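Biologist: Let us go through this model label by label. I will ask what each term rests on.
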Amino acid sequence: ADIPVIPDLEELQEEDLAMQVAAPPSVQVNRVLTYHDLDKDLMKYAAFQTLDGEVDLKLLTKVLAPEHELREDDVSWNWDHLFTEVSSELVTEWDVGQSERED
């Protein structure tokens, strides 16, 4: 009487799981800081001026590039154009290498 029984597939198909929906996960979304906010925090807090309490980062923070120098316009890539451009550069480099070997 205590022998475990494996259920038949037909019995499992009777349970309609198609209409059951799992609960969505709850995720806390934090605000992403802008470059401007990060720059202000870097200069404001002395904690960011040293690394592990030993390495002085003041020289590094003085020469960091400002945000406007780092911003680039988004450029869409066309696969065919990009592949042709890279292939052409590789062939040109290969030809230059072959001509140098011959000389």
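Modeller: Helices here are DSSP runs of H or I with at least four residues, and strands are E runs of at least two. Read that way along the sequence, the chain has the pattern α-α-β-β-α-α-α. The total is 5 helices and 2 strands. Keep in mind that this is a predicted model.

Biologist: How many residues of the chain count as buried, as a percentage?
Modeller: The share is 5% of the 103 residues. Buried means under 20% relative accessible area. The chain exposes about 10,700 Å², with 57% of it supplied by carbon and sulfur atoms.

Biologist: Why does Leu-33 count as partly exposed?
Modeller: Its relative accessibility is 40%. The partly exposed class lies between under 20% for buried and over 50% for exposed. So Leu-33 falls in between. Its place is the loop between helix H1 (9–14) and helix H2 (35–44).

Biologist: And why is Tyr-35 called partly exposed?
Modeller: Tyr-35 has 43% relative accessibility, so the label is again partly exposed. This residue sits in helix H2.

Biologist: What makes Leu-33, Tyr-35 and Leu-38 a patch?
Modeller: Patch residues need over 30% relative accessible area and no salt bridge, and nonpolar side chains are joined within 5 Å. Leu-33 at 40% passes the area cut-off. Tyr-35 at 43% passes too. With Leu-38 they form a nonpolar surface patch of about 280 Å² accessible area together.

Biologist: Which residues does Tyr-35 touch, beyond those up to four places away in sequence?
Modeller: Glu-67 and Arg-71. Contact means heavy atoms within 4.5 Å.

Biologist: How do you know what span to expect for helix H5?
Modeller: The rule is 1.5 Å times one less than the number of residues. H5, residues 79–102, has 24 residues, and 34 Å is expected. First to last C-alpha, H5 reaches 34 Å, close to that value.

Biologist: What makes Asn-78 a cap of H5?
Modeller: A side-chain oxygen of Asn-78 lies 3.1 Å from the backbone nitrogen of Asp-80.

Technical notes. Residues are numbered from 1 along each chain as its sequence is written. This is a predicted model: local features need pLDDT of at least 70, side-chain atom pairs count only at pLDDT 80 or more; totals for chains, interfaces and linings use all residues. Side-chain values use heavy atoms; hydrogens and water are left out. Patches are made of residues with over 30% relative accessible area and no salt bridge: like charges are joined within 9 Å, nonpolar side chains (Val, Leu, Ile, Met, Phe, Trp, Tyr) within 5 Å. Accessible areas come from the Shrake-Rupley method with a 1.4 Å probe; for residues, only the protein chains shown count as cover. A salt bridge is a side-chain nitrogen of Lys or Arg within 4 Å of a carboxyl oxygen of Asp or Glu. Buried means under 20% relative accessible area, exposed over 50%, partly exposed in between (1.4 Å probe, protein chains only). A polar contact is a pair of N or O atoms within 3.5 Å; within protein, one must be able to donate a hydrogen and the other to accept it, and residues adjacent in sequence count only if both atoms are side-chain atoms.
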